[in-house]
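These notes are meant for a colleague opening the model for the first time. They take up helix packing and the domain arrangement in turn.

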Amino acid sequence: MKNFWTSLPRPLKILAPMEDVTDTVFRQLVLKCGRPDIFFTEFTSTDGLFSKGRERVIHRLKFDKREGPIVAQIWGKNPENYWKAAQLLAEFGFDGIDINMGCPVEKIVKSGNCSALIENPSLVSELIRATREGAPQLPLSVKTRLGFSSLNTEEWCGFLLNQDIHALTVHGRIAKHLSKYRVKWEEIQKVVQLRDSLKRDIVVVGNGDVKSLSEVDEKVRTFGVDGVMMGRAIFENLYLFSRDSIPLSERSVSEKLSLLLEHIDLFESTWGETKPFRILKKFFKNYITNFWGASELRASAIECETSQEVKDLLQKFLLEYSSRELDSRPGTLMNDDKESDGKLGGKRVEILSL
Ligand SMILES: Cc1cc2nc3c(=O)[nH]c(=O)nc-3n(C[C@H](O)[C@H](O)[C@H](O)COP(=O)(O)O)c2cc1C
């Protein structure tokens with residue numbers, strides 16, 4: 001088996017899977033700005049893959065070869081569909097498979113999926129076995145939390161470490177806490193110690209609230225993890241995985257807007273009419289920030305109804321901006337650009353941590 005989990009240099013720096021964010025378009029943008037060691041797809045329903053609604057989920061598995069090593073993340077609770085999904089993912093050319101046992105979204109958990117599996121270890125064993133049998137040539141990983149409604153690190157992660165898996169990513173919170181409260185890195189450290197005491201050859205990755213590569217180094221040094229997965233920090237800085245690189249928010253206006261234009265073009269050429277334009281709007285704040293007139297421009301961009309309208313708006317702004325020679329003031333946070341987190345152009349956007 002080609003197991004990238006063990007062959008890649010340490011520490012592993014991984015972009016977290018994020019639904020409706022980390023599709024192939026976004027991952028390719030990240031790749032351009034600074035390559036993480038490993039990419040994950042958004043989580044994909046194994047039941048959905050073998051249902052009439054297949055077309056509505058299969059787009060999550062689109063990827064470009066340059067993104068590799070790339071892991072397909074799946075969820076569900078039917079072992080047969082895991083077995084079939086594993087075969088399909090191997091055919092598609094993925095480098096690994098990950099099972100989501102961490103998503104705490106109520107609708108999903110209510111039906112016994114994702115983080116609800118923490119309370120159903122016998123089914124977990126079956127799902128792992130089915131996936132391994134479906135794709136014995138691919139390494140298998142699990143992404144989970146420290147417990148479901150209470151902290152249960154030793155029992156739950158100890159159980160997982162005894163399964164036939166190659167890597168384990170632990171988000172340092174319990175499911176009930178969603179993304180609230182402090183991330184318990186000392187509990188993640190216990191998982192590393194458990195792995196060592198069980199003498200299992202399983203890679204342990206920590207996840208939760210890490211915002212930079214220097215913090216990755218610090219977590220690895222302090223808690224002994226093999227790597228760190230970062231999610232939401234990428235919203236603030238597309239250059240997150242590029243060491244010593246200037247963060248996106250501090251770059252020039254033309255760099256920010258050119259990158260946004262590239263994002264829109266890639267979105268259009270990849271998805272055409274198959275994904276709604278409104279999905280793009282959640283990214284505007286990443287790029288249209290921290291310069292004179294940013295908040296007005298962002299508000300106008302949010303009002304646009306087509307990608308062509310946004311492109312025209314950005315190009316016009318760039319022309320006017322350069323003619324006013326204001327581009328010489330990168331990195332200055334202007335009063336008119338101050339907004340609280342989670343607000344785009346005055347509209348509330350929920351960012352859930354799964
Ligand atoms: C918008 C959004 C979508 C997410 N989608 C997924 C997902 O599809 N699969 C998954 O395992 N975790 C998902 N997560 C959780 C992240 O992978 C990660 O565990 C969480 O954000 C904590 O890491 P962070 O503090 O570095 O963001 C999502 C999080 C967010 C904010």
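1. Helix 8 (residues 153-161) and helix 9 (residues 185-197) have axes that come within 10 Å and cross at roughly 45°. Helix 8 is therefore oblique to helix 9; angles under 35 degrees count as roughly parallel, over 145 as roughly antiparallel, 65 to 115 as roughly perpendicular and the rest as oblique. Axes here are lines fitted to C-alpha atoms, for helices over the stretch in contact, with angles from 0 to 180 degrees between N-to-C directions. Helices are DSSP runs (H or I, at least four residues), as are strands (E, at least two), numbered from the N terminus.

2. The model is predicted: local features need pLDDT of at least 70, side-chain atom pairs count only at pLDDT 80 or more, and totals for chains, interfaces and linings use all residues. Residue numbers start from 1 along each chain as its sequence is written.

3. Helix 8 and helix 9 cross in a right-handed sense (the near helix is turned clockwise from the far one by less than a right angle). On the helix 8 side, Thr153, Glu154, Cys157, Gly158 and Leu161 meet Glu187, Lys190, Val191, Leu194 and Arg195 of helix 9. Contact means C-beta atoms, placed from the backbone, within 7 Å. This contact has four nonpolar, two polar and four charged residues (Ala, Val, Leu, Ile, Met, Phe, Trp, Tyr, Cys and Pro count as nonpolar, Asp, Glu, Lys and Arg as charged, the others, Gly among them, as polar).

4. Helix 5 (residues 79-92) and helix 7 (residues 121-134) have axes that come within 7 Å and cross at roughly 30°, which means that helix 5 is roughly parallel to helix 7. Their crossing is right-handed. Residues of helix 5 in the contact include Tyr82, Trp83 and Ala86, and those of helix 7 include Leu127 and Ala130. The contact divides into seven nonpolar, three polar and four charged residues.

5. The protein is divided into domain 1 (4-236) and domain 2 (248-348), with bounds from an automatic or database domain assignment. Their centres, taken over C-alpha atoms, are 31 Å apart. Eight residues from domain 1 and eight from domain 2 form the contact. On the domain 1 side, helix 2 and helix 11 each give two or more residues, and helix 2 has the largest share, four residues.

6. Which residues of helix 2 (residues 24-33) are buried? They are Thr24, Val25, Phe26, Arg27 and Val30 (buried: 20 or more other C-beta atoms within 10 Å of the residue's own). These buried residues pack against strand 1 (12-15), strand 2 (39-40), helix 11 (233-236) and helix 12 (253-271).

Technical notes
Contact = placed C-beta atoms within 7 Å. Buried ≥ 20, exposed ≤ 12 C-beta atoms within 10 Å, placed from the backbone.
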